[in-house]
Number of protein chains: 2
Amino acid sequence: MSGFGEATRAVRVGEGVYDVCLDDGYSIGGPLNGGYLMAVLLRAAVDDSPHEHPVSTSAQFLRTGRPGPARVRVEQVKTGKTTTISRASLVSDDGPLLETLVTTATLDPLAEPLYTSAPAHAMPPPEECLPLPEPRPESNMNLNGQMELLFDPPTVGWLNGAPTGRPESRAYFRLRHGQEPDPFVLALAVDALPPVVFSAGLRGWAPTVELTWHLRALPAPGWLTVLASGRMVGDGWFDEDAEVWDSAGRLVAQSRQLARVGRG
Amino acid sequence: MSGFGEATRAVRVGEGVYDVCLDDGYSIGGPLNGGYLMAVLLRAAVDDSPHEHPVSTSAQFLRTGRPGPARVRVEQVKTGKTTTISRASLVSDDGPLLETLVTTATLDPLAEPLYTSAPAHAMPPPEECLPLPEPRPESNMNLNGQMELLFDPPTVGWLNGAPTGRPESRAYFRLRHGQEPDPFVLALAVDALPPVVFSAGLRGWAPTVELTWHLRALPAPGWLTVLASGRMVGDGWFDEDAEVWDSAGRLVAQSRQLARVGRG
């Protein structure tokens with residue numbers, strides 16, 4: 001099992017109860033990445049379901065997660081031939097971290113879309129894109145070690161004091177260590193980029209309050225393209241919409257989160 | 001109390017338990033509109049919260065609702081100075097209809113956005129837009145009697161055998177009987193238009209599986225503008241994204257639903 005597979009492993013220990021171990025490798029200056037927490041929870045929710053794929057996930061983020069043992073509790077609300085709807089929560093010793101509603105279903109890997117729109121934005125080729133600067137070791141940006149991100153240059157202009165003035169973030173994404181994309185990797189990908197508000201000139205911790213994402217197709221191997229943008233920043237809140245395309249040009253995931261504007 | 005206020009009334013009968021009466025006026029050929037069901041549930045969730053507004057709602061639709069008595073159960077998962085996160089479910093004699101996660105907070109009616117994008121589409125003026133044809137009385141499209149919708153003409157071309165070929169639906173929206181928009185009306189508005197897939201050439205009942213919507217600002221009186229579109233239709237699923245703008249030009253709501261393609 002790969003690093004990511006191991007780091008998201010959920011061991012069934014009872015009826016709808018799973019032991020997990022939250023991995024320090026997915027932390028960002030202390031707290032764990034929210035997408036990683038979703039991936040862990042979804043491993044349990046899918047295992048508990050008769051269906052194979054986490055088609056829709058709505059997550060409320062209750063508190064920041066820290067590395068260490070935790071537990072996922074899954075309760076099926078309704079199950080049928082096409083879908084199973086479950087409530088799932090991720091709980092650590094600090095209390096509940098994530099409260100979710102998850103719909104599982106089984107997607108057809110060969111399905112061809114009846115209609116698909118173009119990506120929200122054209123990306124330059126990877127060789128014209130930029131990695132983030134190497135973080136200082138003492139900043140404990142461990143998540144950066146797990147993934148490769150290559151950014152559309154204007155969307156990381158904020159690093160050099162030149163934000164675009166719009167909430168946006170666009171990058172090629174892949175996990176290191178040869179882990180190819182799957183639905184659990186997509187849960188990480190939809191929340192892996194710096195908050196879109198950095199590009200609008202804001203800084204600081206931007207905690208997610210709610211994130212809903214939909215798995216639209218099973219991703220092909222290779223780079224993912226993550227296109228994120230926001231529609232409004234105000235009254236302490238912002239939205240962040242991400243669409244994820246795979247290397248075969250398929251829309252594989254859509255997410256939207258509502259988050260708080262950082263104060264830092 | 002107005003018709004809509006009365007039809008969404010939730011009476012507290014115990015700790016987090018509310019009696020409601022689902023109103024036949026919001027049915028469409030039998031089943032009740034999903035947005036109406038959310039509005040009823042949110043009346044209870046907001047009443048139960050120390051905060052005033054339903055800022056984020058994620059709803060899983062378990063079965064179709066029918067008119068008659070039902071119950072909302074609200075359980076606070078976490079409450080704090082800024083937000084309260086609750087689980088809320090709407091349950092009828094047939095079983096659970098809606099399972100939701102709701103974040104309540106108190107928005108500032110005077111907040112000015114730091115950033116806001118333009119609407120996704122420019123609408124022609126209302127006088128160039130089209131109402132839906134009067135439904136046949138025996139079709140029991142009762143919902144149509146509650147609201148006025150004026151459509152951007154191409155997006156109702158499917159009525160005359162000329163769909164645009166893209167999943168889209170755009171209309172001005174207001175309730176009849178003088179009810180001005182509020183957050184509960186917005187819950188109805190985000191799910192009030194015909195499914196976007198009609199415009200892509202598909203027909204039939206298109207049941208919502210999951211719908212998440214965010215209240216972004218408190219709406220001004222007058223017409224709302226609802227701009228809905230989808231990114232992909234395939235493998236039996238489609239997404240529908242709606243943004244709602246108020247008469248003052250403010251983005252007041254954003255929603256996305258994942259739904260099943262109808263077979264009819």
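Predicted model: local features only at pLDDT ≥ 70, side-chain atom pairs only at ≥ 80, totals over all residues.
I started with a salt bridge: Asp239(B) pairs with Arg216(A), and their closest N and O atoms sit 2.6 Å apart.

Sorting the side of chain A that touches chain B by class gave me 26 nonpolar, 16 polar and 15 charged residues.

Then I checked the extent of the interface. I found 57 residues of chain A in contact with 57 residues of chain B. Chain A and chain B bury about 5000 Å² between them, and 57% of that is on carbon and sulfur atoms. Which residues of chain A lose the most area to chain B? They are Tyr115(A), Arg231(A) and Met232(A), together 17% of what that side buries.

Tyr115(A) came up again when I looked at strands. Strand 7 of chain A (residues 115–116) pairs with strand 12 of chain B (residues 232–234), antiparallel, over two bridges. There, Tyr115(A) has Val233(B) as its bridge partner.

Strand 1 (residues 10–14) and strand 2 (residues 17–22) of chain A run antiparallel over four bridges, with Arg12(A) opposite Tyr18(A). They make a hairpin with two residues between them, and Gly16(A) in the turn has a positive phi of about 70°. I followed strand 2 of chain A on to strand 4 (residues 68–79) of chain A: antiparallel, six bridges. In that pairing Cys21(A) stands opposite Pro69(A).

How values were computed: Residues numbered from 1 in each chain as written. Chains lettered and ligands numbered in written order. Heavy atoms only, no water. Pairing = 2+ DSSP bridges. Contact = heavy atoms within 4.5 Å. Buried area = accessible area lost by both parts, 1.4 Å probe. Salt bridge = Lys/Arg side-chain N within 4 Å of Asp/Glu carboxyl O. Nonpolar A, V, L, I, M, F, W, Y, C, P; charged D, E, K, R; others polar.
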